[in-house]
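Subject: The structure we talked about

Hi there,

Here is the structure I promised to pass on. Have a look at it first, and then read on for what turned up.

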Amino acid sequence: MSDIRTRGAGGSPLRGRAVIPGDKSISHRALLLGALAGGTARVSNFLPAGDCRASRRVAAALGADVEVLSPTELRIGGRGLALREPDDVLDCGRSGTTMRLLAGMLAGQPFAVVLSGDAQLRRRPMARVVEPLRLMGATILGRDGGRLPPLTVQGGALRGIDYRLPVASAQVKSALLLAGLYARGPTTLHVPGPARDHTERMLSAMGAEVEAWPEPAPGRGGQGLRITPAASLAPLDLTIPGDFSSAAFLLVAATLVPGSEVVLEGVGVNPTRTGLLDLLRAMGAQIDVLDEGSAGGEPIADLRVRAAELAGVEAGGDLVVRAIDELPVLAVAATQAHGETLVRDAAELRVKETDRVATTVQELRRLGAAIEARPDGFLVHGPARLRGVAVEGHGDHRLAMALVVAGLVAEGETQVRGCEWIADSFPGFEALLAGLGGRIGP
Ligand code: S3P
C-alpha cells in the first residue's frame, strides 16, 4: 500500500510547465481499434498506465502484433476485422473501457471468449452493453444474468439495430459502433448526451462510414449516430494528446494554491471532455487556452492556469456528461469556493471505479468539508477550512488524486492512503506535482 503525504495551507505556490501524459481513453482505442486494422500503425505518446496495459495484453491475445518501442511508443500490427480466438480468459484488469469495448468487438467474431478482471471490475455493471449486443444477435452469458463480469461472449452473425441508450456512455456507444462494423445493415444509436466521441473520430479516420448528428434529449444535447458495416479498417498513425482528465487535477491544484501559475502542455481539449474547464471558469478560475492545434484527429492546446478565488456553481445536464470523471476534483474546488456548489444528473458517478458520490463525500468530510451526498450528485457549502488527516483512496485513482489536491490546501499534514492505484491512469502524478513545487513527501 503506498501513501502520499502533503503539507498544505500557507505552502509554496505551484509554478512551472508540465507535459501531461497521453489520454487514457484514446490510448485504449488506439490499441483495440489498431488490432482490427488491416496493417501496421505507429502510436506515440501512448499512456503507460495499468488500464492501458490491460488493453495491450488483450489486443495481443486476439492476434495483434504489438511491439513496445518505448513506454510511450507502440507499433501495432493489426490482425484485420477477423480476430484470432484467444487460448485463455481475457483479463481486463481494472479497466471498464477495455471490457465494454471488447464485448462489442467480440460480438461479431465466430468464437467464444471469457472476459474477466480484478475484483473492482467484476463489480461494475455490464447490462448496458450486454442487452443491446444481445438485441444485435450475440449470445452473452455472465454473472447475475449477464449484469456482472465475468462475461462469456459467443460471437456470431449480427444484425444492425436502432437503439436508444439509457445512459450517455461513451463505452456503450463505442461497443455498439464496434459491433456495428460486423452487422448486417446499419446500426443507429441515440445517445442522451454528449458522451466522448473518440471512437467515432478514430473509426472515421480509419475509413469506416460513421454519420453523426445532433438530437434533442430531455434537458440535454443528444447525439444520433449511424455506422455502416465495414469490409476493412485502415491503420492509423497517431500521436495521442495529453489527457484532459489528468490535467484536471493540476488545473484545480494551481487554482487553489495561492500564488500559483502553471502551464500544462499538449492537453486534449475535445469539447466532449472539457466540462471541467467550463465549470471552473464559471466559478471564476483563470485558465487560458493557448497554442491551439491538433494531434491524432483531436484538438489540443496548452492550458495556463493561475490561482483564483472561486464562487460556487450549479452543474447538471450536458456539463456533467462532459465532466463526469472530473467531478471528485470539482468537489475539492467547491470546498474552497464561496457559496454552494450543486452537482446533479450525475447518478453515473455511483457506478465508476467506486461509488464516487459516497467515497468523495466520506473522505472530504474527514478533511472538514461541508459536503452532502445526493442520489444523483452532491452539494458542497464553501469555503471550508480543511484540516489534514489520514484519508483513503478506496482503490480509485481519481479519488486518490482529488484527495492529494485537497491535501495541498488543508492545514497540516494529509496522508492519502492507497495511492498505488493512481498508476491506473496517471503514472508519475506525484513526481509531476512535486516538480511544480507541490509540498509532497514525509
Ligand atoms: C470512458 C468513458 C466514460 C468515462 C471513463 C472512460 C471511455 O465512461 O467515465 O473513464 O474511455 O469511453 P462511461 O462510458 O461509462 O460514461
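Before the first finding, one rule: a salt bridge here is a side-chain nitrogen of Lys or Arg within 4 Å of a carboxyl oxygen of Asp or Glu. Please also keep in mind that this is a predicted model.

With that rule in hand, Asp302 and Arg17 qualify as a salt bridge, because their closest N and O atoms are 3.9 Å apart and the limit is 4 Å. The two partners are 285 residues apart, with Asp302 in strand β19 (residues 298-306) and Arg17 in strand β2 (residues 15-19), so this pair links distant parts of the chain. Arg17, at 53%, counts as exposed.

By the same rule, the count for the protein comes to 32 salt bridges. In general, side chains of opposite charge can pair when their charged atoms come close.

Another spot to look at is Arg356. Its side chain meets that of Glu353 in a salt bridge, at 3.0 Å from N to O. Arg356 also forms a salt bridge with Asp396, where the closest N and O atoms are 2.9 Å apart. This second pair again links distant parts of the chain: Arg356 belongs to helix α12 (residues 356-366), while Asp396 sits in the loop between β24 (390-392) and α13 (397-407), 40 residues apart. As for accessibility, Glu353 counts as buried at 11%, and Arg356 is buried with a relative accessible area of 1%. Asp396 is buried as well.

Which residues are linked with these in a network of salt bridges? The network holds Arg124, Arg196, Asp325, Glu353, Arg356, Asp396 and Arg398.

Now to a pair of helices. Two packed helices are described by the angle between their axes and the distance between the axes. For helix α1 (residues 24-36) and helix α2 (residues 50-61), the axes come within 9 Å and cross at roughly 0°. Angles under 35 degrees count as roughly parallel, and α1 and α2 are therefore roughly parallel to each other. On the α1 side, the contact is made by Lys24, Ser27, His28, Leu31, Leu32 and Ala35. On the α2 side, Asp51, Cys52, Ser55, Arg56, Val58 and Ala59 take part. Sorted by class, this contact has six nonpolar, three polar and three charged residues.

With 1% relative accessibility, Thr335 counts as buried. Leaving aside neighbours within four places in sequence, Thr335 is in contact with Leu364, Ala369, Val380, Gly382, Pro383, Ala384 and Leu386.

Finally, the overall picture. The secondary structure comes to 14 helices and 25 strands. The C-alpha atoms fill a box of roughly 60 × 45 × 40 Å along the principal axes. For 442 residues, a compact globule would have a radius of gyration near 22 Å, and the 21 Å of this protein agrees with that. Of the 442 residues, 59% count as buried. Among contacts between residues at least 6 apart in sequence, 77% join residues at least 24 apart.

Happy to go through any of this with you.

Best wishes

Methods:
Residues are numbered from 1 along each chain as its sequence is written. This is a predicted model: local features need pLDDT of at least 70, side-chain atom pairs count only at pLDDT 80 or more; totals for chains, interfaces and linings use all residues. Side-chain values use heavy atoms; hydrogens and water are left out. Axes are lines fitted to C-alpha atoms, for helices over the stretch in contact, and angles run from 0 to 180 degrees between N-to-C directions. Helices (H or I, at least four residues) and strands (E, at least two) are DSSP runs, numbered from the N terminus. Angles under 35 degrees count as roughly parallel, over 145 as roughly antiparallel, 65 to 115 as roughly perpendicular and the rest as oblique. Contact means heavy atoms within 4.5 Å. Ala, Val, Leu, Ile, Met, Phe, Trp, Tyr, Cys and Pro count as nonpolar, Asp, Glu, Lys and Arg as charged, and the others, Gly among them, as polar. Buried means under 20% relative accessible area, exposed over 50%, partly exposed in between (1.4 Å probe, protein chains only). The radius of gyration is taken over C-alpha atoms; the globule rule is 2.2 Å times the number of residues to the power 0.38.
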